[in-house]
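Opening the notebook on a new model today. I'll jot things down as I look them up.

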Amino acid sequence: VKDFSAKSGGGAVEAVVNGKKELVKLTISEEAVDPEDVEMLQDLILMATNDVLSKIDEATKAKLGKFASAIPGF
């Protein structure tokens, strides 16, 4: 199963998800951890995770081609 990854915050957060859409790794740099701005870290995690899930959807569509439009949710 292929892994997909995406980064946010200039690489401060990286999410790695496998083809089954399971989060297999989450890397957070020390610079991204600011106890006074937890919301920013949460946003970076959400952005990286949503971006990597979009990459999986795009790869699935590319692989299935015209058949992807017949699948609900694509």
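Is Leu-26 buried, partly exposed or exposed? Partly exposed, because its relative accessibility is 37%; buried means under 20% relative accessible area and exposed over 50%, with partly exposed in between (1.4 Å probe, protein chains only).

Ground rules first. I'm on a predicted model, where local features need pLDDT of at least 70, side-chain atom pairs count only at pLDDT 80 or more, and totals for chains, interfaces and linings use all residues. Residues are numbered from 1 along each chain as its sequence is written, and side-chain values use heavy atoms, leaving out hydrogens and water.

I placed Leu-26 in strand 3 (residues 23–28); strands (E, at least two residues) and helices (H or I, at least four) are DSSP runs, numbered from the N terminus. Across from Leu-26 I found Ala-15. Strands 2 and 3 pair antiparallel over 5 bridges (pairing takes at least two DSSP bridges). In their hairpin, with 4 residues between the strands, Lys-21 has a positive phi near 65°.

Next I checked strand 2. I get 6 of its 6 residues buried: Val-13, Ala-15 and Val-17 on one side, Glu-14, Val-16 and Asn-18 on the other.

Last, Ile-56. Skipping neighbours within four places in sequence, I list its contacts (heavy atoms within 4.5 Å) as Phe-4, Val-17, Asn-18, Gly-19 and Lys-21.
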